[in-house]
Amino acid sequence: MTTTTLSRPDPAPAAGTGPKRVLHFIDGAHTAGTGERTFENRSPADGALISTVHEASRADVDAAVKAARAALKGPWGRMTMEERAAILHKVADGITRRFDEFLAAECLDTGKPRSLASHIDIPRGAANFKIFADLVKNVATECFEMATPDGKGAINYAKRVPKGVIGVISPWNLPLLLMTWKVGPALACGNTVVVKPSEETPTTTALLGEVMNEAGVPPGVYNVVHGFGPNSAGEFLTTHPDVDGITFTGETRTGEAIMKAAATGVRAVSFELGGKNPALVFADCDLDKAIEGTMRSVFANCGQVCLGTERVYVERPVFDEFVRRLKAGAEGLRLGRPEDPETSLGPLISQEHRSKVLSYYARAALDGATVVTGGGIPAMPADLQDGAWVQPTIWTGLSDDSAVVREEIFGPCCHVRPFDTEEEAVALANDTPYGLAAAVWTENLARAHRVAGQLEAGIVWVNSWFLRDLRTPFGGAKQSGIGREGGVHGLEFYTELKNVCIKL
Ligand code: NAD
Ligand code: 6OD
């Protein structure tokens, strides 16, 4: 393996310097690895080449896992919880100190508006380390005293120990946020990690390696390998026999493939998967709030949020007004470059994803939808012609069994359908194989409790969206996930519970 002395891959090439290389981060150093293949990272906004990314070979993944194993047994494993927590606070501070670099890198890779990433992605990247560093220090375990025949008794107490080397596979929609959402608790619990970020968004994982070194995280605790899924870094990592657990965020179908890989060696998995999330808008809601929240839940991050709304059910008396106002909101969105403060909607992540989203736009027309607004490719200025732009889109009139209403699209679009009774609304919302999130808009407190209790979802928002205390459980029901991360709930995956029985 060739280890370069490159201090870091510059995520935002300065004007005139051209695209950079993004390397793996193994055992505390950026490295090109042994893999002979590279791939291009292109801007979704204008198609320009951002960087050339090295693709990990099986040997590179093996080197990363070995480094993680050595660090687990070595310095990281020997530290006290307090020492590890103090270092993770420094990691969070390092992200905050280099906020602008992270922001530029994330916006370049994803095309998302700076206004969004500066409020959500980067602050949460830092918070994900602090919250779990603080949390693990306050977790109690159980203790039972028991009687024994000799009358002297015994004490049983449970102890949480790190699970080991954790494979982290993350998606492209909120790259730093979702990757650190796993790395934070994994490291706080004393594990070491090998991260395989999405091939679409490699840069902030590489930059985080720099921050880890600056914060004093020992080499080998945090490793990154780049590449794709099948027959590439993703598969090499999930099939590696020395990885103790795999935490994955991404599509449900990918989760199935990873679960098969994890079956060999009976490794634990934690999955945050896809969704087809409903919003229920009752006539007794505050319509201003419902419109504002639904606008965000449908169009934020160009609809590429797993928790986003793609199915809106509106009680008939307010249906026409709701559709009219949502249409006005969608048509008021400003598509543009991430750095333009006026931009409220960026592009989709790639041309490939745009083709998928546009295939649903075509399918909606074929299935007889009324296109309230959008439905195609927007006219963009000459310098953005090669970007992955789509129009924000609203449909009505589709049948409940249309693929557009049943399948996750992951684009800036939704179908709006009227309902007449609360019972009908709940049945429609639950008519999906997914169970990630739901939103309920009502001013009736009893109804809010009643409906939230019946919805089959990991999180139900009432009169809000994307609002969440990070100490709460996060995950999906049905095909939207396995397990819960967040708060103490993540400890079920990131630690092993050991019982110690002491005969007195
Ligand atoms: P994806 O499943 O295509 O890819 C996610 C990651 O898995 C990438 O790093 C990819 O390279 C890797 N991968 C793909 N095939 C693999 C394989 N066979 N073995 C190992 N790794 C493999 O998902 P995506 O397109 O990056 O993200 C969008 C999807 O993620 C949507 O379905 C969305 O709902 C879901 N998502 C869910 C949550 C959640 O919290 N539930 C959050 C964000 C995104
Ligand atoms: O907020 C989070 O912790 C989280 N996991 C959000 C997921 C968003 C999906 O795109």
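A: A polar contact is a pair of N or O atoms within 3.5 Å; within protein, one must be able to donate a hydrogen and the other to accept it, and residues adjacent in sequence count only if both atoms are side-chain atoms. Now the model itself. It is predicted, so local features need pLDDT of at least 70 and side-chain atom pairs pLDDT 80 or more, while totals for chains, interfaces and linings use all residues. Residues are numbered from 1 along each chain as its sequence is written, chains are lettered from A and ligands numbered from 1 in the order written, and side-chain values use heavy atoms, without hydrogens or water.

Q: Which residues are the closest to ligand 1?

A: Look for residues with a heavy atom within 4 Å of the ligand. For ligand 1 there are 30 of them. Lys196, Glu199, Thr254, Leu273 and Glu408 are the closest.

Q: Where does ligand 2 lie?

A: Ask which domains supply its shell. Domain bounds come from an automatic or database domain assignment. Ligand 2 lies between domain 1 (61-273 + 481-503) and domain 2 (277-471), because both give residues to its shell. That shell includes Arg124, Asn173, Trp181, Glu272, Cys306 and Phe474.

Q: How many residues of the shell around ligand 2 are nonpolar?

A: Sort by residue type. Ala, Val, Leu, Ile, Met, Phe, Trp, Tyr, Cys and Pro count as nonpolar, Asp, Glu, Lys and Arg as charged, and the others, Gly among them, as polar. Around ligand 2, eight are nonpolar, one is polar and three are charged.

Q: What lies 2.7 Å from an oxygen atom of ligand 2?

A: A polar side-chain atom of arginine 124 does. Asparagine 173 also brings a polar side-chain atom, at 2.8 Å from a ligand 2 oxygen. Cysteine 306 uses a backbone N or O atom, again 2.8 Å from an oxygen of ligand 2. Ligand 2 alone exposes 300 Å², of which the protein buries 98%.

Q: Which helix gives the most to the shell around ligand 2?

A: Helices (H or I, at least four residues) and strands (E, at least two) are DSSP runs, numbered from the N terminus. Helix H7 (residues 175-188) gives the most, three residues. Leucine 177 lies in H7.

Q: Is leucine 177 buried or exposed?

A: Compare its relative accessible area with the cut-offs: buried is under 20%, exposed over 50%, partly exposed in between (1.4 Å probe, protein chains only). Leucine 177 has 3%, so it is buried. Threonine 309, in strand S15 (residues 309-315), counts as buried too, at 2%. Its side chain makes a polar contact of 2.8 Å with the side chain of serine 297.

Q: Why is H8 described as largely enclosed by the rest of the structure?

A: Count its buried residues. In H8 these are 11 of 13, so the rest of the structure largely encloses the helix. Among them are Thr203, Leu207, Gly209 and Met212. Just after H8, glycine 216 takes a positive phi of about 90°.

Methods. Areas by Shrake-Rupley, 256 points an atom, 1.4 Å probe, with all protein chains shown as cover.
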